[in-house]
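Here is a short briefing on one protein structure. Look over the sequence and the fold, then read on.

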Amino acid sequence: MEEEYIATEYILPEKVAKKRSAIDEPEFRVEGSIEIAGSNQSLQAPKAKRIKSETRKIAVPPHRYSALKENWMKIFTAIVDNMKLQIRFNTRLRQVEIRSSSETPDLSNLEKGVDFVKAFLCGFDADDALALLRLDDLFIETFEIKDVKTLRGDHMSRAIGRLAGKGGRTKFTIENVTKTRIVLADSKIHILGAYQSIQLARRAICNLILGSPPSKVYSNLRSVAGRISEGI
């Protein structure tokens, strides 16, 4: 059987060698793609940073509900307008919630706002508590009569009466001499003022609890306050 010869040049196309041209294909193709990627990335808008807000919750005692309702606008204005914080009263949980926002310049404002609300809930007047937002050297100290001396029954009542005085005269005298504000909440005592003033007022209150006569406490208080004012 004879083999038939088939010419392949009529079936397969003839391969022609093609020279690479510098015009057809650039030499720095990879570098060009990097530049394009970089240009696309620069066109993208930067993502806005999300600021994490912090929240503080303060429980409201039942006997301060009505006072909080009456002074709410004063408290709201001080917290929102002055400190740039957010505040609300949670009626279900009976607590005041304070939160920082994107407009809050400093997170220390959050702690100042919490101290201001706590001072009001302790029984201080709203105008007196506002000093905590304006001044940095003011503090609140709280202690109980039993921390000084263990008293029960009528002895406790008489000690509270000695601290208040007739018509609140004793308490007002200590406040004026020491430049502090004092709240007598049953057996708890809250003092608002500077550190040195708080120590002076507490020493006078402790002497009254221990049984010292008010006249002696007044004289000692005025002599110590006079030495402090003179810088001795």
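Helix α3 (residues 72-82) lies across β2 and β3 and runs at about 150° to β2. Axes are lines fitted to C-alpha atoms, for helices over the stretch in contact, and angles run from 0 to 180 degrees between N-to-C directions. Helices (H or I, at least four residues) and strands (E, at least two) are DSSP runs, numbered from the N terminus.

This is a predicted model: local features need pLDDT of at least 70, side-chain atom pairs count only at pLDDT 80 or more, and totals for chains, interfaces and linings use all residues. Residues are numbered from 1 along each chain as its sequence is written, and side-chain values use heavy atoms, with hydrogens and water left out.

**Sheet**
- Three strands form an open sheet in the order β1-β3-β2, with antiparallel pairing (DSSP finds at least two bridges between paired strands).
- β1 (55-59) and β2 (85-90) stand at the edges with a single partner strand each, so one side of each has no neighbour in the sheet.
- From one strand to the next, the twist averages 20°.
- Five bridges join β1 to β3 (residues 95-100) in the antiparallel sense.
- I58 has V96 in β3 as its bridge partner.

**Helix on the sheet**
- Helix α4 (residues 108-122) packs on the sheet and touches β1, β2 and β3.
- The direction of α4 makes about 5° with that of β1.

**T173**
- T173 sits in helix α9 (residues 169-178).
- Leaving out residues up to four places away in sequence, T173 touches Y218 and R222 (contact: heavy atoms within 4.5 Å).
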